[in-house]
Amino acid sequence: MNKIGKQKHIALIAHDNRKQDLVEWAKNNVEILSRQFLCGTGTTAKLISEETGLPVKAYKSGPLGGDQQIGAMISNGEVDFMLFFWDPLTTQPHDPDVKALLRIAVLYDIPVAMNQSTANFLLSSKLMEEEYERSILDYYNKIRKNIY
């Protein structure tokens with residue numbers, strides 16, 4: 001569960017005002033993305049799949065539970081990389097879900113890109129072609145040691 005394989009399981013998520021940005025980015029990176037397993041929230045997954053021809057497994061829309069589904073997949077070791085182009089200028093009705101998703105991504109030590117520059121850096125990393133051992137802190141035992 002701590003190992004990210006050579007073939008990455010990538011979640012693709014974007015708020016409404018950023019969906020087209022993520023679609024355009026995906027179009028420019030079809031070759032690399034075609035070698036990965038892709039999933040995403042509702043409309044974002046559908047748009048990327050339609051406009052790039054890439055197979056993207058769609059989950060529910062973010063506000064309808066999709067963010068939570070992706071978070072559960074991260075915690076189960078089924079997603080090991082996330083691209084989340086979020087809108088920093090618009091309040092979202094599901095902001096608590098977004099915060100929870102980002103917290104889970106940090107907790108399980110997965111790479112996360114929230115903008116095009118970071119996504120480009122991550123995709124161009126030599127680690128995209130290699131296995132990678134994540135460093136997941138054992139918070140439960142760490143907390144127990146501090147209590148006793």
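User: Which residue in strand 5 does leucine 12 stand opposite?
Analyst: In this predicted model, leucine 12 stands opposite leucine 83, which belongs to strand 5. The two strands concerned are strand 2, covering residues 9–14, and strand 5, and they pair in the parallel sense over five bridges.

User: And what is the bridge partner of leucine 83 in strand 6?
Analyst: That partner is alanine 113. Strand 6, residues 112–113, runs parallel to strand 5, and two bridges join them.

User: What actually holds strands like that together?
Analyst: As a general point, the strands of a sheet pair through backbone hydrogen bonds, and the pairing can be parallel or antiparallel.

User: OK, so in what order do the strands of the sheet come?
Analyst: The order is 4-3-2-5-6, five strands that form an open sheet with parallel pairing. Strand 4, residues 56–59, and strand 6 stand at the edges with a single partner strand each, so one side of each is left without a neighbour in the sheet.

User: Back to strand 5, is it mostly covered or mostly open?
Analyst: Strand 5, which spans residues 81–85, is mostly covered, since five of its five residues count as buried, meaning under 20% relative accessible area. Both of its faces are covered, with Phe81, Leu83 and Phe85 buried on one side and Met82 and Phe84 buried on the other.

User: Which strands does helix 5 lie across?
Analyst: Helix 5 lies across strand 2, strand 5 and strand 6, and it runs at about 150° to strand 5. Helix 5, made of residues 95–107, also forms a right-handed β-α-β unit together with strand 5 and strand 6.

User: Switching topic: which residues touch the most other members in the largest nonpolar core?
Analyst: That core has 20 residues, and the ones touching the most other members are Ile10, Leu12, Trp25, Leu33 and Leu83. At least two residues of this core come from each of strand 2, helix 1 (19–28), helix 3 (42–52), strand 5 and helix 6 (116–123). Helix 1 gives the largest share of the core, with four residues.

User: What is isoleucine 10 in contact with?
Analyst: Leaving aside neighbours within four places in sequence, isoleucine 10 is in contact with Leu33, Gln36, Phe37, Leu38, Cys39, Phe81, Leu83 and Met128.

User: How far apart are the C-alpha atoms of valine 112 and isoleucine 10?
Analyst: Their C-alpha atoms are separated by 9.7 Å, although the two residues are 102 residues apart along the chain. For the chain as a whole, 75% of the contacts between residues at least 6 apart in sequence join residues at least 24 apart.

User: Last thing, what does the whole chain look like?
Analyst: The chain has seven helices and seven strands, and its C-alpha trace spans about 55 × 40 × 25 Å along the principal axes. A compact globule of 148 residues would have a radius of gyration near 15 Å, and the chain agrees with this because its own value is 15 Å. Of the 148 residues, 39% are buried.

Note on methods
Residues are numbered from 1 along each chain as its sequence is written. This is a predicted model: local features need pLDDT of at least 70, side-chain atom pairs count only at pLDDT 80 or more; totals for chains, interfaces and linings use all residues. Side-chain values use heavy atoms; hydrogens and water are left out. Buried means under 20% relative accessible area, exposed over 50%, partly exposed in between (1.4 Å probe, protein chains only). Two strands pair if DSSP finds at least two bridges between them. A crossover is right-handed if, with the strands pointing away from the viewer, the path from the first strand over the helix to the second runs clockwise. Contact means heavy atoms within 4.5 Å. Axes are lines fitted to C-alpha atoms, for helices over the stretch in contact, and angles run from 0 to 180 degrees between N-to-C directions. A nonpolar core is a set of buried Ala, Val, Leu, Ile, Met, Phe, Trp, Tyr and Cys residues joined through side-chain atoms within 4.5 Å. The radius of gyration is taken over C-alpha atoms; the globule rule is 2.2 Å times the number of residues to the power 0.38.
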